[in-house]
Amino acid sequence: GAAKGALLALQRMGIGSVTVANRTAERARELAEKFRVQAVDWQEIVAGNFDAILQMTSSDEITLPGIRK
């Protein structure tokens, strides 16, 4: 899906540090292992220090906990 495409593009661009999160920790770990990136718990996104956050959902709304428009 969209997340896999974004991860592949980031890798091809040479982005050095990528972290993935998912509503299910298992899915985050699967993506992290496949693309050799770091996985964190969904709730850690809010507390983390990230330059950019890409939301890969079909929702028109921001669905990350604690983050508002």
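Okay, a bit of housekeeping. It's a predicted model, so local features need pLDDT of at least 70 and side-chain atom pairs count only at pLDDT 80 or more, while totals for chains, interfaces and linings use all residues. Residues are numbered from 1 along each chain as its sequence is written, and side-chain values use heavy atoms, with hydrogens and water left out.

Let's start with the overall layout. The protein chain has 3 helices and 2 strands, and going from the N terminus the order is α-β-α-β-α. When I say helix or strand, I mean DSSP runs numbered from the N terminus: H or I with at least four residues for helices, E with at least two for strands.

How much of the chain is buried? Of the 69 residues, 19% are buried. Buried here is under 20% relative accessible area, exposed is over 50%, and partly exposed is in between, with a 1.4 Å probe and protein chains only. As for the surface, the accessible area is about 5,300 Å², and carbon and sulfur atoms account for 47% of that. Those areas come from the Shrake-Rupley method with a 1.4 Å probe, and for residues, only the protein chains shown count as cover.

Now to the inside. Which residues form the largest nonpolar core? There are 7 of them: Leu7, Val18, Val20, Leu31, Ala32, Phe35 and Val37. H2 gives the most, with 3 residues. A nonpolar core, by the way, is a set of buried Ala, Val, Leu, Ile, Met, Phe, Trp, Tyr and Cys residues joined through side-chain atoms within 4.5 Å. Take Leu7: leaving out neighbours within four places in sequence, Leu7 is in contact with Val18, Val20, Leu31 and Phe35. Contact means heavy atoms within 4.5 Å.

Next up, two helices. Two packed helices are described by the angle between their axes and the distance between the axes. For H1, residues 2-13, and H2, the angle is about 35° and the axes are 11 Å apart. Axes are lines fitted to C-alpha atoms, for helices over the stretch in contact, and angles run from 0 to 180 degrees between N-to-C directions. On the H1 side we have Lys4, Leu7, Leu8 and Gln11, and they meet Arg27, Leu31, Lys34 and Phe35 in H2.

Staying with Arg27, what does its side chain meet in a salt bridge? The partner is Glu30, at 3.3 Å, N to O. The structure holds 1 salt bridge, that is, a side-chain nitrogen of Lys or Arg within 4 Å of a carboxyl oxygen of Asp or Glu. Both residues sit in H2, residues 25-35, and they are 3 residues apart, about one turn of the helix. Glu30 has 38% relative accessibility, so it counts as partly exposed, and Arg27 is partly exposed too, at 30%.

Over to strand E2, residues 38-39, where we find Ala39. Ala39 is in contact with Val20, Ala28, Arg29 and Ala32, again setting aside neighbours within four places in sequence. Ala39 is partly exposed because its relative accessibility is 32%.

Last stop: Phe50, in the segment after helix H3 (44-47). What does Phe50 touch? Not counting residues up to four places away in sequence, Phe50 touches Thr19, Glu44 and Ile45. Phe50 and Val18 are 32 residues apart in sequence, yet 9.2 Å apart in space, C-alpha to C-alpha.
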